[in-house]
Amino acid sequence: MPIGPARMPLLDHLGELRMRLVRIVACLGVAVCVFYLSAPIMGQFLLLPIASYLPFNPETGWVDTVALDPFEAFATRFEIAFFFSVIATSPVILWQLLAFFLPALKPKERKWFTPTFVVSVILFVLGVVFCYAVILDAAFNWLTDQAAGLGYIEPRMSSYIDIIIKFEVAFGFAFELPLVIFYLVIFDVVPYKKLRESWRMVYIVLMVLCAVITPDASPITMLLLFAALIALYELSLLAARIVLARRIKRQNAQLAAEEAEDEQ
């Protein structure tokens with residue numbers, strides 16, 4: 001049953017939610033203004049892993065992309081600013097959202113609040129960094145090779161920036177998988193033994209997930225993400241086994257007893 005600040009009228013809850021949303025929007029607004037001014041540098045940073053697939057301008061020292069109209073340039077610049085603003089303010093956004101739901105948790109569940117907040121930010125950042133350092137070059141290498149014998153690729157500004165940002169966001173959220181698996185075990189939604197024994201089914205689900213969330217759906221990108229998610233899945237089960245050794249042992253004993261009763 002909700003305790004503390006959770007015991008408030010509906011309008012008070014709505015007022016608290018509005019206050020937290022205003023804080024998020026205000027932080028995002030300030031960050032967007034700052035990053036909009038430095039969007040060209042941020043854009044070049046995004047394009048750096050695939051610079052070898054783009055024309056180089058020796059006068060500026062930057063790679064060049066093409067905008068078909070002025071609005072496209074403005075929209076792309078704003079998209080870059082918004083993306084980096086979300087990354088920069090993600091701790092504030094996650095903290096405000098998690099803090100809103102904190103009063104609904106029981107006291108023994110609240111101890112997981114701060115670790116959840118910290119780990120979720122770290123995992124998202126790791127996903128973005130992994131995509132930037134490993135995935136982008138491999139993905140664009142495969143994608144650009146598809147034009148061989150057909151023609152040449154015109155590097156359109158909005159398309160390239162948009163696909164890179166989609167890659168980064170997809171991998172950032174995909175790397176939250178260990179947190180989901182960990183809490184499935186912690187809150188007894190799925191017993192550890194079931195997850196351990198159903199690894200084949202889990203791997204198939206992860207493969208389908210990789211096919212869905214990768215923007216290009218290329219086999220190279222899918223396999224790299226699949227390998228990363230498998231490693232994260234196994235690490236999350238290992239962490240759950242270490243932290244919840246007693247509970248897992250009790251779950252295994254209960255499942256064994258149920259299976260023995262079914263056989264009789």
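**Exercise 1.** In this predicted model, find how far helix 5 reaches from its first C-alpha to its last, and find where the helix has a kink.

*Solution.* Begin with the extent of helix 5, which covers residues 113-145 and has 33 residues. From the first C-alpha to the last, helix 5 reaches 46 Å, and this is close to the 48 Å expected at 1.5 Å a residue. Then follow the axis of the helix, where a kink of about 50° is centred on Ile135.

**Exercise 2.** Classify the aromatic pair formed by Phe45 and Tyr132, and decide for each residue whether it is buried, partly exposed or exposed.

*Solution.* A search of the whole structure finds 14 aromatic pairs. In the pair of Phe45 and Tyr132, the centres lie 4.8 Å apart with 15° between the planes; because planes under 30 degrees apart count as stacked, this pair is stacked. The two partners come from distant parts of the chain, since Phe45 belongs to helix 2 and Tyr132 to helix 5, 87 residues apart. Next, Tyr132 has a relative accessible area of 18% and is therefore buried, as buried means under 20%. Phe45, with a relative accessible area of 42%, is partly exposed. Finally, Phe45 and Tyr132 belong to one aromatic cluster together with Phe35, Phe83 and Phe84.

**Exercise 3.** Describe the largest pocket by its volume and its lining.

*Solution.* The volume of the largest pocket is about 350 Å³. Its lining consists of 17 residues, and those nearest the centre are Pro40, Gln44, Thr65, Ile80 and Met157. Sorted by class, the lining holds ten nonpolar, five polar and two charged residues.

Methods: Residues are numbered from 1 along each chain as its sequence is written. This is a predicted model: local features need pLDDT of at least 70, side-chain atom pairs count only at pLDDT 80 or more; totals for chains, interfaces and linings use all residues. Side-chain values use heavy atoms; hydrogens and water are left out. On a 1 Å grid over the protein atoms alone, a cavity is a set of points where a 1.4 Å probe fits but cannot get out, and a pocket is an open set with protein on both sides within 12 Å along at least five of seven lines; lining residues have an atom within 4 Å of a point. Grid points are joined across faces, edges and corners, and a volume is the space filled by probe spheres set on the points. Ala, Val, Leu, Ile, Met, Phe, Trp, Tyr, Cys and Pro count as nonpolar, Asp, Glu, Lys and Arg as charged, and the others, Gly among them, as polar. Helices (H or I, at least four residues) and strands (E, at least two) are DSSP runs, numbered from the N terminus. The expected span of a helix is 1.5 Å times one less than its number of residues. The bend at a residue is the angle between axes fitted to the seven residues ending there and the seven starting there. Rings of Phe, Tyr and Trp (its six-membered ring) pair if their centres lie within 6.5 Å; planes under 30 degrees apart count as stacked, over 60 as edge-to-face and the rest as tilted. Buried means under 20% relative accessible area, exposed over 50%, partly exposed in between (1.4 Å probe, protein chains only).
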